[in-house]
There are 2 protein chains.
Amino acid sequence: MSTQRADSGAPARRPVGRPRQTEPSEDHLRRLGEIIETGARVFHEHGYDSGTLEDVATALDLRRASLYHYLRNKAQLLYFIFDRALTTSLFRLDEIAQITAPHERLTALVAHQVQMVSGDPSLFAVFFDNRPRLDGIFQERIAGKEREYVCRVTDMIAALSESGELDVVDATYAAHAFIGMTSWTYKWFDPAVDASADTVATMLSLIGATGRRTDSR
Amino acid sequence: MSTQRADSGAPARRPVGRPRQTEPSEDHLRRLGEIIETGARVFHEHGYDSGTLEDVATALDLRRASLYHYLRNKAQLLYFIFDRALTTSLFRLDEIAQITAPHERLTALVAHQVQMVSGDPSLFAVFFDNRPRLDGIFQERIAGKEREYVCRVTDMIAALSESGELDVVDATYAAHAFIGMTSWTYKWFDPAVDASADTVATMLSLIGATGRRTDSR
């Protein structure tokens, strides 16, 4: 039924049965994004085990069958939520690593974590609270990205230690402590009563500048 | 049917229908303790929504009906798990507050958190991951104990700041950061590959001695 264009110079024929597009369309990705966002909200409200794909479809005013164009099952939706949280987390680390002044780099790192977590509370609550619910098939891929995240924060802390900004005994433990301190905001930070995420980030970065070698006062 | 003893000098009669013992027996408490421990393991393995009282009873080689001598329903078991975690957390804080040397007090506080969390991983994973699943009836009581815990850590940090051991901008934010940093061990600490909980506690306490005014090197 589809009209096939034969661009000269490019291979005109694809193997039979292979989908035409290997990359999902922008529209598909946008829709999948909405499903992930809604899924995070549903699992946050009802819990992962009690929340259903039916709930997700209803919230989006879709038939459940339509969801299967985007995902295979609920386990895969949880995987997508995890992947979204980690991709978001990793996204700005490269940029931050480029900041040359060590103290600014540290402040940016804290701000990044705090703003990211407080900016999407449902997504991160589901991500942090449902690690044991992740299906075995997806476990390895997520564990890989998690290791990458910890490694990159560890490298940044080691660099801050070398530059004299921090004085840490073990960069890996310091990275875990740092990630814990900043991620924990999802438990207590409430924009309605607490200072702005920016202020909290500044305060945590003062705390995070642990055992700084030079007295900053 | 029961034989009523009339001890002279003591009020001999209780109002009709009121249980004879207002305090549960030691045996009852011991058994309840086992149920809480097993419940934490079951919810940790299967998730709170999927785990059942049937699973708990089976793991303890009990009939489910027997559980109802100790609790009313699954929601109450989750409440007991939360209460146990918080009671454990609060228990040593008074002792730690008595330590006079500020640096030792700080080290003891970190060690307390890390050892407690790593010492009972199922209990604390269920406690940290299932806050939104807690039933409304129990919510207020747990929230009260949580506030008490944060307040007491805040007071200790404020005292450490006054004594010059720490230099914090806001003791409440510092308390949240501290609790986050140390509680997060439940996510990554693995006694099989990581240093001992003691070593981790020492390392985190070096990190936790944040912005210490005097250079300790």
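This is a predicted model: local features need pLDDT of at least 70, side-chain atom pairs count only at pLDDT 80 or more; totals for chains, interfaces and linings use all residues.
By class, 10 nonpolar, 6 polar and 6 charged residues make up the lining of the largest cavity.

**The cavity**

How many cavities of 30 Å³ or more does the structure hold? There are 3 of them. The largest cavity has a volume of about 240 Å³, and 22 residues line it. If you want to find its centre on screen, look for A:Asp129, A:Asn130, A:Arg133, B:Asp129 and B:Asn130, which lie nearest to it. The elements giving two or more residues to this lining are α1 (26-46) and α7 of chain A, along with α1 and α7 of chain B. As a general point, rolling a probe the size of a water molecule over the atoms shows where empty space is left.

**Two helices that meet in chain B**

Helices α1 and α7 of chain B, which both turn up in that cavity lining, also meet each other. The axes of α1 (residues 26-46) and α7 (residues 121-129) of chain B come within 8 Å and cross at roughly 65°. The crossing of α1(B) and α7(B) is left-handed. On the α1(B) side you'll find B:Ala40, B:Arg41, B:Phe43 and B:His44, and on the α7(B) side B:Ser122, B:Leu123, B:Ala125 and B:Val126. Sorted by class, the residues of this contact come to 5 nonpolar, 2 polar and 1 charged.

**The two largest pockets**

Now for the open spaces. The largest pocket has a volume of about 920 Å³. Which residues sit nearest its centre? Out of 35 lining residues, they are A:Arg131, A:Glu146, B:Trp184, B:Lys187 and B:Trp188. On the chain A side, the elements that give two or more residues to the lining are α4 (74-91), α6 (102-119), α7 (121-129), α8 (136-162) and α9 (171-183), and on the chain B side they are α6 (102-119), α7 and α10 (185-188). The largest share, 5 residues, comes from α8(A). Split by class, the lining has 20 nonpolar, 8 polar and 7 charged residues.

The second largest pocket has a volume of about 610 Å³. It is lined by 21 residues, and the closest to its centre are A:Lys187, A:Trp188, B:Arg131, B:Glu146 and B:Val150. Here α10 (185-188) of chain A gives two or more residues, and so do α4 (74-91), α6, α7, α8 (136-162) and α9 (171-183) of chain B. The element that gives the most is α8(B), with 7 residues. The lining divides into 12 nonpolar, 5 polar and 4 charged residues.

Here are the volumes together:

| Space | Volume |
|---|---|
| Largest pocket | about 920 Å³ |
| Second largest pocket | about 610 Å³ |
| Largest cavity | about 240 Å³ |

**Chain A as a whole**

Of its 217 residues, 46% count as buried. Among contacts in chain A between residues at least 6 apart in sequence, 65% join residues at least 24 apart.

**A buried glycine**

Leaving out residues up to four places away in sequence, A:Gly39 touches A:Val56, A:Leu77 and A:Ile81.

Most residues other than glycine have a negative phi. A:Asp61 is not a glycine, yet it has a positive phi of about 60°. The residue sits in the loop between α2 (53-59) and α3 (64-67) of chain A. A:Asp61 counts as exposed because its relative accessible area is 74%, and the cut-off for exposed is over 50%.

Turn to chain B, and B:Asp61 also has a positive phi of about 60° without being a glycine. Where is B:Asp61? You'll find it in the loop between α2 (53-59) and α3 (64-67) of chain B. With a relative accessibility of 72%, B:Asp61 counts as exposed.

Technical notes
Residues are numbered from 1 along each chain as its sequence is written. Chains are lettered from A and ligands numbered from 1 in the order in which they are written. Side-chain values use heavy atoms; hydrogens and water are left out. Axes are lines fitted to C-alpha atoms, for helices over the stretch in contact, and angles run from 0 to 180 degrees between N-to-C directions. Helices (H or I, at least four residues) and strands (E, at least two) are DSSP runs, numbered from the N terminus. A crossing is left-handed if the near helix is turned anticlockwise from the far one by less than a right angle, and right-handed if clockwise. Contact means heavy atoms within 4.5 Å. Ala, Val, Leu, Ile, Met, Phe, Trp, Tyr, Cys and Pro count as nonpolar, Asp, Glu, Lys and Arg as charged, and the others, Gly among them, as polar. On a 1 Å grid over the protein atoms alone, a cavity is a set of points where a 1.4 Å probe fits but cannot get out, and a pocket is an open set with protein on both sides within 12 Å along at least five of seven lines; lining residues have an atom within 4 Å of a point. Grid points are joined across faces, edges and corners, and a volume is the space filled by probe spheres set on the points. Buried means under 20% relative accessible area, exposed over 50%, partly exposed in between (1.4 Å probe, protein chains only).
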